[in-house]
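Here is a short briefing for a reader meeting this structure for the first time. Look over the model, then read on by topic.

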Amino acid sequence: MSLLDGVKLQKCEAFPPGVEYVKGLGVTVSVWKRDAKKCYLRLFRENKMLEKIPMFSMEEEGMADVFTLFLKGNEVKDKINGLEYDFVADGEVFLDPFVKQVAGRDSFGKKHGKTRGLICFESFDWSGENRRRLTVQEMVLYQCHVRGFTKHASSGVSYPGTFLGMEEKIPYLKDLGVNTLLLLPIYDFDECMKDEEGNSLGKVNYWGYGKDAFYFAPKASYCSQTMCAARELKHLIKALHQNDMNIILDMYFVGQNPEFITQCLRYYALEFHVDGFRINQDSVDASWFTMDPILSHCKYIGSGWGDQPVPRGKERYLEMNDGFLVDARRFLKSDEGQTESFYYRFREQREGVGQIHYITSNNGFTLRDLISYDVKHNEDNGERNQDGSQMNYSWNCGAEGYSRKKIVLKTRKQQERNALVMLLLGMATPMILAGDEFGNSQKGNNNAYCQDNMITWLDWRQVEKNRDTLDYVKMLLKFRREHPLYHSERKLTGADFSGLGAPDVSCHGREPWTADFSYYSRELGILYFGSYYGSQSLYFAFNFHWDKHEFYLPNVQADSQWEPLFSTAEGAADKVEDDKYMMAPRSIAVFQKKVIPKPVQTKKKTRKRKVK
């Protein structure tokens, strides 16, 4: 007895591609195989082929190599739901590039069996989602790998390395102060790396950037059950939105045309309520997004939009490049000639295009490694340490790698706090690499693309060991979240354009109003004049010299005095005297103007003279 007895088979429209359920009518199937003459749909259960169905060519419509099939009848949905499928065209077996779920890649890093599509018709209840799209001023990004985030046994989640495992960590993320997840590829890619001839390289493509991918399908090995990849991703996204968080997917397209790419992004925007995408810009022009009624409402992260036609003023397009990373790292390690470039990076804003600043990312050192290693240590990658960037601009603070020397550990702690202030309190949208908030290390590996192990899995035991670092990040993000400077929609100009008594932002040296951009300068002061954003003024003092130096703070807002908010140096001075402050070596101090209370005036009592 045939599975499809009583089901009427007929031709249908060529769009939409893939396998789609049409409510109350049946199931449509559409696929394109270039220059093919005949095509069959095959249905499987537990590797047993149940049906091989001839498909209809669209030759009469002028598309002879496009094939369609309409399985008519509402009962078809239940008959084929949960089955696996593929296609055979002129003797070649292939899989639908528009497949929504994949079977055969269920165990990460293990050799796959037959890779087929998985038919899954199920609805999802989005009620109570309460989605809110965050503005660029509000966003604090957290770059994360779904598997590595909770795979380590110390994560304490019920489903390590999965979408559900990440969902269990939402309270942690919210308490930390981040509100936008930037996830490395979550679509179904083949992590078992092969050479051009298809031979196994014995390596794992951990990050997911590659050409062997099914972009419409959430990765099966990132879910707790084979049939639930789409459902579990939706559940994660709904939970994020319920906690006032957004999600951006890293989509790395290889060999796909712009029409395919826009269809894919629309699918994630509509079906999964994704808030935005990071795109490799060589794959598609931004005009495909700006002219689309759905995609024009999403955010896009690129390396730089340049002269591409992006709508100005909406700030849905954000730039993410290594400019800040290089300048901040070089200033942090006290290189010569970095003062001027870092000043402009720290206050960087662009009209209409958002800026994302990061000091670490998945492609490079972690923050703890940045202050612990002078050179990369990628021997475990099997490429004789020849892979990965040579230009890391790192400093090990006196010892390579692990050290128990007190002076080394003290210097590293201070450099770590310096880096966090530089990243989290600049004007651009900051991005934290997952684990940097509690000192995660990759043991000096700056190119861990093939490491699916303890090198890349976050060790959550470090949370307690480095509680001071975690608390410092929370404090900085709370300050950023609450201070009016970071939520003003007015862009800084560096001029007193409203005649309020000082520029909205200005640059200083050890002496006020005298910026020192000389080659040997390592001292910098930055004033944000509070009258331009409705608050008290802020002053950032950077002393990245190895000696202490006295800084003179600018005399503005005469009815107030400078008060230290915090310093990255242990035992730093706790007050400013006569607008002077002694800066510790390699440290940052942040000051805010505090209104001087006016003395209360009391009326003198006069005695009345008695009249005789």
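A pocket is an open set of grid points where a 1.4 Å probe fits, with protein on both sides within 12 Å along at least five of seven lines. The model shown is predicted. Its chain has 612 residues, and buried residues make up 56% of them.

**Overall build**
- The chain holds 13 helices and 30 strands.
- Along the principal axes, the C-alpha atoms fill a box of roughly 125 × 75 × 45 Å.
- Among contacts with a separation of 6 or more, 70% are between residues 24 or more positions apart.

**Largest pocket**
- The volume of the largest pocket is about 1200 Å³.
- Its lining has 36 residues. Phe94, Leu95, Asp96, Pro97 and Phe214 lie nearest the centre.
- Five elements each supply at least two lining residues: β3 (26–32), β7 (63–72), β9 (92–94), β17 (213–218) and α6 (258–271).
- By class, this lining has 16 nonpolar, eight polar and twelve charged residues.

**Second largest pocket**
- The second largest pocket has a volume of about 780 Å³.
- It is lined by 30 residues. Nearest its centre are Val19, Glu20, Lys100, Tyr267 and Glu271.
- β2 (18–22), α5 (229–242) and α6 each give two or more residues to this lining.
- α6 gives the most, with five residues.
- The lining divides into 18 nonpolar, four polar and eight charged residues.

**Helix α13**
- Helix α13 covers residues 467–482, which is 16 residues.
- At 1.5 Å a residue, α13 should span 22 Å. Its end C-alpha atoms are 22 Å apart, so the two values agree.
- Buried residues in α13 are Thr469, Leu470, Tyr472, Val473, Leu476, Leu477, Phe479 and Arg480.

**Asparagine 445**
- Asparagine 445 sits in the loop between β23 (429–433) and α12 (462–465).
- Its relative accessible area is 1%, so asparagine 445 counts as buried, the cut-off being under 20%.
- The side chain of asparagine 445 makes a polar contact of 3.1 Å with the side chain of asparagine 381.
- Leaving out residues up to four places away in sequence, asparagine 445 touches Gly364, Phe365, Asp369, His377, Asn378, Asn381, Gln451 and Ile455.

Note on methods. Residues are numbered from 1 along each chain as its sequence is written. This is a predicted model: local features need pLDDT of at least 70, side-chain atom pairs count only at pLDDT 80 or more; totals for chains, interfaces and linings use all residues. Side-chain values use heavy atoms; hydrogens and water are left out. On a 1 Å grid over the protein atoms alone, a cavity is a set of points where a 1.4 Å probe fits but cannot get out, and a pocket is an open set with protein on both sides within 12 Å along at least five of seven lines; lining residues have an atom within 4 Å of a point. Grid points are joined across faces, edges and corners, and a volume is the space filled by probe spheres set on the points. Helices (H or I, at least four residues) and strands (E, at least two) are DSSP runs, numbered from the N terminus. Ala, Val, Leu, Ile, Met, Phe, Trp, Tyr, Cys and Pro count as nonpolar, Asp, Glu, Lys and Arg as charged, and the others, Gly among them, as polar. The expected span of a helix is 1.5 Å times one less than its number of residues. Buried means under 20% relative accessible area, exposed over 50%, partly exposed in between (1.4 Å probe, protein chains only). A polar contact is a pair of N or O atoms within 3.5 Å; within protein, one must be able to donate a hydrogen and the other to accept it, and residues adjacent in sequence count only if both atoms are side-chain atoms. Contact means heavy atoms within 4.5 Å.
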